[in-house]
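User: I would like to learn how to read some features of a structure. Please give the general idea and then the case at hand.

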Amino acid sequence: MQSGSGYAWAALSAFGGATWAPAPGDYDGDAKADPAVSDAALAVWAVRMSGSGYQQVSAVFGGAGATPAMDDYDGDGKADPAVYQESTGVWRVMLSGSGYAVSTVIFGGVGFMALPADVDGDGKSDYLVYQPATGFWAALLSRQGYAAAGTYFGGPGYTPVGAMR
């Protein structure tokens with residue numbers, strides 16, 4: 001549904017599949033969310049760019065056990081394709097402002113889920129993880145040179161909700 005057209009349904013042809021995870025974001029910087037999906041097993045991303053008539057672009061990125069963690073990590077106004085692998089705590093981000101160069105960060109690990117968000121308000125996504133078993137949140141804050149910060153909020157039975165831009 002699109003708010004700009006009275007919440008009329010927008011039709012797209014088949015996109016993704018049973019093994020694909022949703023990965024929407026504003027990948028082209030036009031202030032509209034672009035439909036996107038990621039398949040960890042195939043290590044493939046597909047994005048329908050709203051700024052170019054929803055033409056599809058694809059990239060090989062990710063891998064087994066990687067979950068989508070897209071957000072604007074470099075502050076250029078475009079969502080950066082990103083994946084988080086819980087078993088290792090490895091984040092891999094394709095930075096759109098750097099020609100999609102891949103940046104790798106190790107933060108989190110087993111029992112932590114990725115919820116990237118601009119926690120410190122500098123226009124760049126921070127690496128944010130949540131541990132449902134304990135309610136512990138931890139972040140690497142971009143404004144502070146990626147210094148770590150953490151707090152307890154929530155716990156077993158709580159569902160974390162990430163920030164929306």
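**Strands, rings and a buried charge**

Analyst: P22 stands opposite V37 in strand 2. Strands are DSSP runs of E with at least two residues, helices are runs of H or I with at least four, and both are numbered from the N terminus. This is a predicted model, in which local features need pLDDT of at least 70 and side-chain atom pairs count only at pLDDT 80 or more, while totals for chains, interfaces and linings use all residues. Residues are numbered from 1 along each chain as its sequence is written, and side-chain values use heavy atoms, with hydrogens and water left out.

User: Over how many bridges do strand 1 and strand 2 pair?

Analyst: Strands of a sheet pair through backbone hydrogen bonds, in a parallel or an antiparallel sense. Two strands count as paired if DSSP finds at least two bridges between them. Strand 1 and strand 2 are antiparallel and pair over two bridges.

User: What is the order of the strands in the open sheet?

Analyst: The order is 1-2-3-4, a sheet of four strands with antiparallel pairing. Strand 1 and strand 4 are at the edges with a single partner strand each, so one side of each has no neighbour in the sheet.

User: How many aromatic pairs are there?

Analyst: A pair of aromatic rings is described by the distance of the centres and the angle of the planes. Rings of Phe, Tyr and Trp (its six-membered ring) pair if their centres lie within 6.5 Å; planes under 30 degrees apart are stacked, over 60 edge-to-face, and the rest tilted. The count by this rule is seven aromatic pairs. In one of them, Y84 and W91, the centres are 5.0 Å apart and the planes stand at 55 degrees, so the pair is tilted. W91 also pairs with Y127, edge-to-face, at 5.0 Å centre to centre and 85 degrees between the planes. That pair links distant parts of the chain: W91 lies in strand 7 (residues 90–95) and Y127 in strand 10 (residues 127–131), 36 residues apart.

User: Which side chain of opposite charge is nearest to D26?

Analyst: Lys and Arg count as positive, Asp and Glu as negative; His and the chain ends are not counted. A salt bridge needs a side-chain nitrogen of Lys or Arg within 4 Å of a carboxyl oxygen of Asp or Glu. For D26, which is buried, the nearest is K78 at 8.5 Å, and D26 has no salt bridge. D26 belongs to the loop between strand 1 (21–22) and strand 2 (36–39).

User: How far is the backbone nitrogen of A31 from a polar atom of the D26 side chain?

Analyst: The distance is 2.8 Å for the backbone nitrogen of A31, and 3.2 Å for that of D30.

User: Where is Y54, the residue with a positive phi?

Analyst: Y54 sits in the loop between strand 3 (44–49) and strand 4 (55–60). Its phi is about 65 degrees, although Y54 is not a glycine. Y54 is partly exposed, at 28% relative accessibility.

Note on methods: Buried means under 20% relative accessible area, exposed over 50%, partly exposed in between (1.4 Å probe, protein chains only). A polar contact is a pair of N or O atoms within 3.5 Å; within protein, one must be able to donate a hydrogen and the other to accept it, and residues adjacent in sequence count only if both atoms are side-chain atoms.
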